Amino acid sequence: CITGLIPGVHVNLISLMVLGASGYFLGYIENITISIFIVSMAITHTFMDSIPGIFLGAPDSDMVLGVLPGHKMLLNGEGYQAVKLTVMGSFFGLILSVGLIPFLIPVVTLAYEFLKGIMAYLLIGVVLFMIWKEQKKLAALFQFLLAGALGLIVVNFPQLNSPLFPMLSGLFGTASLLISLNNQVTIPIQNLTKRLRIKKSTTIKAVGASVFSGGSVALLPGLGSAQAGIMGNYLTGDLGDKGFLVLIGGINTVNMVVSLLTFFALNKARNGAIVVVKEIMELITFSQLGIFLAVSLIVGSIAAILTLFFTKKFSQVITKVNYKWLCIGIITFISTLVFYFSGIYGFL
């Protein structure tokens, strides 16, 4: 709940802190217990992170695509309904992906053996396709190359601790907050009783696409939830803002669940939380995978209820606070965290 609700504090950061303290914990509890804690935290985070993404405009990297449709609904007094849509996507995506995993184990193993030799070309093809679909293709290519150059510089920069933390905090955490400050956003009174209207067919398409695209990028290195969102949108056509929020919510949770599958079937970790679980567990058996999936269903059910509860509180409080000073406070908080964990170079 804490990592989901506080912008700039990602579940990967807490997972790394748990890993650092695991030597102490393992003297008292089993390694699978620590791993269950991390998986539970990561699943909860995928439900909760839509709240700051929509209400504060400060998403983590998994929610960045959902900010614009979510912000539009927020400014129409429908912030609660926007979060509800992401929760729907997360919950139904969780149930569907967990149900499919036993059937996907042999498929993933065979598919990875086939894809391993052409992985680089496949990733280049995905990037070229995304650039080609943009209206301003040269601008998109320049932006892609600029992002790649930034990544190469930051990841290979000497004397920089936790390089991804300052980079993602700047690109996703503070960027949209600065835009909100510049636009002098005023949050209207939120309507908590307004009925959520979305077609069943749209929901089914969005959840199905979230499982396919979220599962696909969990299999491929170098791609994340943002790319899965774009892929899912191409697959389904125009889902509208509401359908898109269901899609994004589903992708985040599905991506986490399928990462458990890639760890079991391929011994590959595709996100920070699973990297830590891999460090602690090294390998997992089929029965341990079953435990993780059962835990995910239980935790996801609780997280769905808690997310809606906290969203109601946010809806009531957000109109009473000074949004400008709230944004400044969060930017200061994120900047302080970056300075503490990554030093002056990370801050710059």
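How many salt bridges does the structure hold?

A: This is a predicted model. The structure holds 2 salt bridges. Take each in turn.

Lysine 72 sits in helix α5, residues 67–75, and aspartate 241 in helix α12, residues 240–266. The pair therefore ties together parts that are 169 residues apart in sequence. How open are the two partners? Lysine 72 has 41% relative accessibility, so it counts as partly exposed. Aspartate 241 has 33% relative accessibility and also counts as partly exposed.

The other salt bridge joins the side chains of lysine 194 and glutamate 78, with 2.4 Å from N to O. Here both partners lie in loops. Lysine 194 is in the loop between α9 (164–183) and α10 (200–219). Glutamate 78 is in the loop between α5 and α6 (79–115). This pair therefore ties together parts that are 116 residues apart in sequence. Lysine 194 is partly exposed, at 42% relative accessibility. Glutamate 78 is buried, because its relative accessible area is 11% and the cut-off for buried is under 20%.

Phenylalanine 157 belongs to the loop between α8 and α9, while tyrosine 345 belongs to helix α15, residues 323–347. The pair therefore ties together parts that are 188 residues apart in sequence. Phenylalanine 157 is partly exposed, with a relative accessible area of 34%. Tyrosine 345 is partly exposed too, at 40% relative accessibility.

Now for a helix contact. Helix α7 (residues 119–132) packs against helix α8 (residues 137–155). The angle is about 140°, and the axes are 8 Å apart. Why are the two helices called oblique? Roughly antiparallel needs an angle over 145 degrees, and the angle here is about 140°. The helices α7 and α8 are therefore oblique to each other. On the α7 side, the contact uses Val127, Ile131 and Trp132. On the α8 side, Lys137, Ala140, Leu141 and Phe144 meet them. The residues of this contact divide into 6 nonpolar, no polar and 1 charged.

Definitions and conventions. Residues are numbered from 1 along each chain as its sequence is written. This is a predicted model: local features need pLDDT of at least 70, side-chain atom pairs count only at pLDDT 80 or more; totals for chains, interfaces and linings use all residues. Side-chain values use heavy atoms; hydrogens and water are left out. Axes are lines fitted to C-alpha atoms, for helices over the stretch in contact, and angles run from 0 to 180 degrees between N-to-C directions. Helices (H or I, at least four residues) and strands (E, at least two) are DSSP runs, numbered from the N terminus. Angles under 35 degrees count as roughly parallel, over 145 as roughly antiparallel, 65 to 115 as roughly perpendicular and the rest as oblique. Contact means heavy atoms within 4.5 Å. Ala, Val, Leu, Ile, Met, Phe, Trp, Tyr, Cys and Pro count as nonpolar, Asp, Glu, Lys and Arg as charged, and the others, Gly among them, as polar. A salt bridge is a side-chain nitrogen of Lys or Arg within 4 Å of a carboxyl oxygen of Asp or Glu. Buried means under 20% relative accessible area, exposed over 50%, partly exposed in between (1.4 Å probe, protein chains only).
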